[in-house]
Amino acid sequence: MPEQSVVPIDQMLPPKLPLVALMGRPIFPGIFTPIMIGNPPDVKVIDDAVAGDGLIGLVMLMNETDTPAIGDLYKVGTAAKIVKKINLPDGGVNIFISTLKRFRIKKALNPANPIVAAVAYLEDEEDNTSEVKALTRALISEMKQISENNPLFSEEMRLNMINIDHPGKIADFIASILNIDKAEQQKILEVLNVRKRMEQVLVFIKKEQELLRIQKKIQKEINEKIEKSQRDYFLKEELKAIKTELGMTTDAKSSEYQRFKEKFSAFTFEKEVEEAVEQELEKFNLMDPNSAEFTVTRNYLDVIVNLPWNNPEPENFDLARARDILEEDHYGLKDVKNRIVEYLAVRKLRKDTKGSIICLVGPPGVGKTSVGKSIARALGKQFFRFSVGGMRDEAEIKGHRRTYIGAMPGKIIQGLKIVKTKAPVFMIDEIDKMGVSFQGDPASALLEVLDPEQNNSFRDHYLDLPFDISHIFFIVTANTLDTIPPPLLDRMEVIQLPGYIDKEKIEIAKRYLVPKSLEKNGLKKNQVRYSLQSLLHIANGYAREAGVRNFEKNLDKIHRKLAKQIVESEELSAKNGKDQVEGTPQAEGTQTENAATPERPGKTPKALNKFIIDKKLIEKHLGKPLFPEEIVKRADRPGMSVGLAWTSMGGDTLVIEATSVAGKEGFTLTGKMGDTMKESAAIAMTLARKLGVERYGIDAAWFEKNHLHLHIPEGATPKDGPSAGITMATALLSLIRNKVITDRLVMTGELSLTGLVLPIGGLKEKTIAAQRNKARHIIIPKQNLRDLDEIPDHVKKGIEFHPVERFEEVLTLALPD
């Protein structure tokens, strides 16, 4: 019997193979591995192969698709023998394969379903040089290092790698287990030269080692952090146990908890507040200090614990002392002081600590804020001020809800937390300048704050607990009442603070402004002296507004320049004294009065430190007057009249000008008038035309042949209001009659179509403006006679008031026949 030889299976491979498309990664020769097949056409290929010789070709897809064709496959794949097949419940199969050899697709015999191709088997291009042997050892050594540091490599993989004797198969095995991109693995599969294949694999091993190094570094850092945290935790626990043994507070949270509990026990809470506080306190005690909500709850409890929950002590103030304080802090404002003292007297008589709401209204710089501070001082109460000018968010008043990040209580609760008393004086500035936006209406939020019937259980959104703010003495300030909502205005007692006349400004400057400005600029009282004439020059020439703020600014400007002059003089004297000490001494008696002596270098002569402020020095430091004395608003030609207006800056004089142009009949208005003033002008024109024809015998045709133009100067300034009717009508009749009105006569009053003179507001401020304009006669509506009693005598001094009921009386005074 002839001897039979055993032929390896990889030498008996058929020239054509059914192909299975791989969606994952390519499979290298010399590998025993399971594969799961789920695609029905591929399952049929497996079934047919098992029924035959069990050989299939495995080729990776270039682009993943559910219906692969031969054009979607790479050209190089691996032939494999199916060792075992296991059918799966979902219709797929799990096969165990032994891969045999590389092949290249030569020709497609069946392009799809199933894919069958003629193949050419590829042999490794071996090179038995020492370089290949060195690469083999390097691969095994480097791979061993990776496998020791990577738990994903099993002991079986390590043994397989050592037992493989062929360099090409070692490279294939390592490429199959490394975490390499599938496209890179396909490239390695297509490399036939063993040395080149091993070099490529070695590069990927180095990359894997670098990744492992970074991974170990990260792991080490994480472990160190964990170990530190664990160490800190154990040390804290030990410290806690030691403190417990010694009877000390265990930790910061426990300390805070005890602090809150002790402070809460000193307060007298209502039932609702007490329950809410206890709940929050217990929740705080159970919280982990590292949680985000811990800080929120702690801040909330901190706000509660710092609020004055206990009722205030009964008030004990002296009415005479309160009046003295008001007199000491403010000059003039007699009516304002009387109103405030009356208010305080009622509080003392009722023995009531309930708050009050006063609204101080007046132009800027008249002392509204300082009056509020004086009230607080007179009552012996804490003072807290905040401004609502430009405020558009109601949360500024009522707080933010605690659900928001960075939530805070509103200004009212914040102020109580600061002053730490339940009955302070709160000043709310600029209440007439609040806005409205999508975030709410702050004015509406203030309704609850300033309502005595509601504010005994005020609920701030952040606090969300009833808090009694009825003991707060509220003082609000405004420049005008026009922009304050009526429901809000209804809750307040309004006290008007008019502007100051020149005499009052001079007294205020002497008593308050000059000493304050000298101290602010580092000067002494005996260094600067003002005469009454110099103060009057500043008031008339540089600060003619209703308040004294610009007066103070001009004083500061003068004093800064004087301070600069003194310092420069001292430095120059010091330098001259030093030069004299170092150089040749002067002969006795040759020093000038202003030189510094060697014994006292730098000593400035007293003459340089004293200044007498006169008109010339004022103009040197402040420049030419902004309001020259000769500029007084007067009606010195036909078609002109002078009226009085009220603004948020105080009273002001208003010149009305009228002229006519021959041509088509018409009436033009300029000067940026508001709608109300335009209507007054229309009424004035109608009445002037009627009286011109009926009373003065003007030909009616004159109006048809002339175009009339009425103008109010300072055209860029908006003007409106119901008090210029008689002024405009008088200017028109002055033009029609070609007659100048009575000198130094000003007027204010609204006009009806039938000639009635209607009442106006702000008479006190208008009278002050008339004084500044050196007027001697003021025409006022008869219904405003009652307002004269409220105007101080020194303001009315030198002025004759003419109350009128009809416009004909105005004409008798302004344009006498």
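A word on the model comes before the tour: it is predicted, so local features need pLDDT of at least 70 and side-chain atom pairs count only at pLDDT 80 or more, while totals for chains, interfaces and linings use all residues. Residues are numbered from 1 along each chain as its sequence is written, and side-chain values use heavy atoms, with hydrogens and water left out.

Start with helix α8, residues 271-286, where you will find glutamate 282 (helices are DSSP runs of H or I with at least four residues, and strands are runs of E with at least two, numbered from the N terminus). Patch members have over 30% relative accessible area and no salt bridge, like charges being joined within 9 Å and nonpolar side chains (Val, Leu, Ile, Met, Phe, Trp, Tyr) within 5 Å. A salt bridge here is a Lys or Arg side-chain nitrogen within 4 Å of a carboxyl oxygen of Asp or Glu. Glutamate 282 counts as partly exposed because its relative accessibility is 40% (buried is under 20%, exposed over 50%, partly exposed in between, with a 1.4 Å probe and protein chains only).

Now move to helix α19, residues 549-582, which holds arginine 560. Together with Lys557, Lys561 and Lys564, Arg560 makes a positive surface patch. At 48%, arginine 560 is partly exposed.

Finally, look at the loops. Glutamate 430, between β9 (425-429) and α15 (442-449), has a positive phi of about 55° although it is not a glycine. Arginine 744, also not a glycine, has a positive phi near 55° and sits in the loop between α24 (725-737) and β20 (745-747).

Methods
Areas by Shrake-Rupley, 256 points an atom, 1.4 Å probe, with all protein chains shown as cover. Lys, Arg positive; Asp, Glu negative; His and termini not counted. Charge placed at Lys NZ, Arg CZ, Asp CG, Glu CD.
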